[in-house]
Amino acid sequence: MTFPALPPREGERPRTGPEVPHLQLSQTSPAEVRQDLLRWMGAALPGTAWGRSKVSAPSSRALFLDGAPPAPGAVLMPPNADEEFTHVHADGSLHLALDPADHAAFLASGWGEKHPLYDLGINVVMLYAPRDRTELEVAKQVITASYAYATGRAPMSDAAAA
């Protein structure tokens, strides 16, 4: 999959914590945007199941591959690197696994940053919390890229556009 071209993100980058747990400290998602994001993820990403993250704060909600192995070559989140591919924090930001070939484009887009353990070989980046419905659409594109990397397939086309 080719990483999507993302529009410029408006404004300054949000403040984030420098260590684990890596959380977004400013410019967080309004509750209704975060709820819409969670609802969309549950509907648009078949073959996944919600659960408690194995690596994030207890308030985070994670999506796991539901019994299927990851796509060949996909490296997901620790500790097993084979089931949790994204989680959403209470602030609305996400951590996700992306194809390493997409990292440079994602990081240059201004929509996220490296996880503090990234330079130690952890395939995790932070997607900043969507602040409004327009940014929610951008978040969906990045999450779709993570899902495609994890599963080797595109999400449901009708739900992906919703």
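This is a short chat about a predicted model.

Reader: What volume does the largest pocket have?
Author: The volume of the largest pocket is about 180 Å³.

Reader: And which residues are closest to its centre?
Author: Val20, Val55, His87, His115 and Leu117 are the closest, out of 15 residues that line the largest pocket.

Reader: How many of the lining residues are nonpolar, polar or charged?
Author: The lining has 9 nonpolar residues, 6 polar ones and no charged ones.

Reader: New topic. How many aromatic pairs are there in the whole structure?
Author: A search finds 2 aromatic pairs. One of them is formed by Phe3 and Phe106 and is edge-to-face, with 6.1 Å centre to centre and 80 degrees between the planes.

Reader: Where in the chain are Phe3 and Phe106?
Author: Phe3 is in the segment before α1 (31-44), while Phe106 is in helix α2 (residues 103-109). They are 103 residues apart, and the pair links distant parts of the chain.

Reader: Are Phe3 and Phe106 buried or exposed?
Author: Phe3 and Phe106 are both buried.

Reader: What lies over the face of Trp50?
Author: Arg61 does, at 4.4 Å from the ring centre.

Reader: Now Gly67. Where is that?
Author: Gly67 sits in the loop between β2 (61-65) and β3 (84-88).

Reader: Why does Gly67 count as exposed?
Author: Because its relative accessibility is 74%, and the cut-off for exposed is over 50%.

Reader: How many residues apart in sequence are Gly67 and Gly47, and what about in space?
Author: Gly67 and Gly47 are 20 residues apart in sequence. In space they are 7.9 Å apart, C-alpha to C-alpha.

Notes:
Residues are numbered from 1 along each chain as its sequence is written. This is a predicted model: local features need pLDDT of at least 70, side-chain atom pairs count only at pLDDT 80 or more; totals for chains, interfaces and linings use all residues. Side-chain values use heavy atoms; hydrogens and water are left out. On a 1 Å grid over the protein atoms alone, a cavity is a set of points where a 1.4 Å probe fits but cannot get out, and a pocket is an open set with protein on both sides within 12 Å along at least five of seven lines; lining residues have an atom within 4 Å of a point. Grid points are joined across faces, edges and corners, and a volume is the space filled by probe spheres set on the points. Ala, Val, Leu, Ile, Met, Phe, Trp, Tyr, Cys and Pro count as nonpolar, Asp, Glu, Lys and Arg as charged, and the others, Gly among them, as polar. Rings of Phe, Tyr and Trp (its six-membered ring) pair if their centres lie within 6.5 Å; planes under 30 degrees apart count as stacked, over 60 as edge-to-face and the rest as tilted. Helices (H or I, at least four residues) and strands (E, at least two) are DSSP runs, numbered from the N terminus. Buried means under 20% relative accessible area, exposed over 50%, partly exposed in between (1.4 Å probe, protein chains only). A charge sits over a ring if NZ of Lys or CZ of Arg is within 6 Å of the ring centre and within 35 degrees of the ring normal.
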